[in-house]
Amino acid sequence: MRALRVGVVLGLLLAASACGGDDDADSSTTAATTTETAATTTTTGPAATTMAPTTTRPPTSTAPATTGPAASTTTPPTTTEPTITSPGPTTEPTMVDVKVYFFRGERLEIAHRQVEAPGVLRGAITEVLAGPTADERAADLTSVIPPGTTLRDVSLADGRAIVDLSGEYESGGGSMSMLGRLGQVIFTATQFDNVDRVVFWLDGEAVEFFGGEGIVLDEPQTRTDVPREFTGGIIIDAPEPGATVRSPFTVTGEGDLFEGYSAMWVWRHGERIAGPFGVTAGAWGTWGEFETTVTLDIAPGPVTLIVDDGNGCTPGDPECGEPNPAIVEVTLAG
C-alpha cells in the first residue's frame, strides 16, 4: 500500500508540470527520470511484499556442562611435579704417594705422604717442610728444617727445580744442620724422574751463600752434593724399624752402590744367620730404587737387616773409612 501512495503522488506531480512555461525542457527531463525511478520503485515494491518472511531457527540450547560453571570450561594448566636435579658426579682428586726425607739419628730416612696430583713436587716439598707427624716422631724421625719455614714458590724447567723458601729456612743451627736441611729438600725434590737438581731461593732471591757458615750454593744442587755420611749410600724404605714381617718379605729402598750392586745380610744376637740377598740399585753417583725378596727359614723372633753400599773395600782398610751401613731391626713372625 505504501508503494501505491507513492505512485499517486508522482502522477499528480507530472500533471502539474505539464502546465509549466520556459523551463519545460529541464522539467520534462527531470520528470522522465523521476517517472523511471518511480516505475522501478513501484515494480520492486510489490515484489518485495510477496516474499515469504524468513523464519530464523532459534539457537540450539546447549545443556550446561556437568563439570562446573562456564568459567571452568577453560582447560586448567597441567600440574607438573617439581624436577629434582641431582648434582653431577663429583670428581675426586687424584692422590699420589710421595716420599719425604727426615732424619733418624744422623741418617736420612724415608716417610710417605699422600699429595694431590698434578702438583706432586709442590706437595712433597710442602710436606717435608711441615715436619714429621706425631706417629713419626714416636718412631724417632726428626727434621732439621726450622719450624715456620714455608714454600713461597716452586717451578720446574729442564730437570731443574727452583725452590723459593721463606727466610726461616736459613735461621739457626751449625754447618751440619744447614747441610742436613738442604739434604732433606734435595732428596725430596729429586725423587721425581723429571727433577735431577735443585736451585735454592730465599724470599724471592737466588741464594749464593747459605747461612752463617757460608755454604756455597752458586750451582744447582744434586744428591751427590749431600754429605754421604747422611746416607751411607743406601736408604731402606720398607720395612720400617720395629715392623713385624713374615717370610718371605720384600725389602725396598734406594741406593748409590759400588758398581750398582751390594748384598743384604740377616743378623741375630750379633751373628750373621742368613744371606747374602742381592741388592741392585744405582751406581757411580746415580741413585736408584731397589727391591729384594728375603726368605728366612729360622725361628720367629727379632732379626736385624744390614746392607752397605758395597764399596769394594777390604774390611779394616783405613782408606775406606768407617762403614756406614743401613740397619733395620724387625720382628720375624711364625
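Good morning. I begin with a definition: a residue is called buried when its relative accessible area is under 20%, exposed when that area is over 50%, and partly exposed in between. K99, at 10% relative accessibility, therefore counts as buried. Please keep in mind that the structure before you is a predicted model.

The side chain of K99 meets that of E289 in one of them, at 2.9 Å from N to O. K99 belongs to strand β1, whereas E289 belongs to strand β15, residues 288-294, so this pair ties together parts that are 190 residues apart in sequence. Is E289 buried or exposed? E289 is exposed, with a relative accessible area of 59%. K99 and E289 also belong to a network of salt bridges that includes R223 and E254.

A further salt bridge joins E136 and R113, with 2.6 Å between N and O. E136 is found in helix α4, residues 134-138, and R113 in strand β2, residues 107-116; the two are 23 residues apart. The relative accessible area is 12% for E136, which is buried, and 9% for R113, which is buried as well.

I turn next to R228 and D309, whose closest N and O atoms are 3.3 Å apart in a salt bridge. R228 sits in the loop between β8 and β9, and D309 in the loop between β16 and β17, 81 residues apart. R228 is partly exposed at 36% relative accessibility, while D309 is buried at 12%.

Let us move to the aromatic residues. How many aromatic pairs does the structure hold? The structure holds 6. One of them is formed by Y101 and F187, a tilted pair with 5.5 Å centre to centre and 55° between the planes. Y101 is in strand β1, residues 95-104, and F187 in helix α5, residues 175-189, so the pair ties together parts that are 86 residues apart in sequence. Y101 is buried at 0% relative accessibility, and F187 is likewise buried at 0%. Together with W287, Y101 and F187 form one aromatic cluster.

Strand β1 also contributes F103, which pairs with a residue of the loop between β8 and β9, namely F230; the pair therefore ties together parts that are 127 residues apart in sequence. This pair is edge-to-face, with 5.3 Å centre to centre and 85° between the planes. Both F103 and F230 are buried.

Finally, a charge and a ring: the charged end of R272 sits over the ring of W265, 3.7 Å from its centre. Thank you for your attention.

Definitions and conventions. Residues numbered from 1 in each chain as written. Predicted model: local features only at pLDDT ≥ 70, side-chain atom pairs only at ≥ 80, totals over all residues. Heavy atoms only, no water. Phe/Tyr/Trp six-rings, centres within 6.5 Å; stacked < 30°, edge-to-face > 60°. Helix = DSSP H or I, 4+ residues; strand = E, 2+ residues; numbered from the N terminus. Buried < 20%, exposed > 50% of the residue type's maximum accessible area, 1.4 Å probe, protein only. Lys NZ or Arg CZ within 6 Å of the ring centre and 35° of its normal. Salt bridge = Lys/Arg side-chain N within 4 Å of Asp/Glu carboxyl O.
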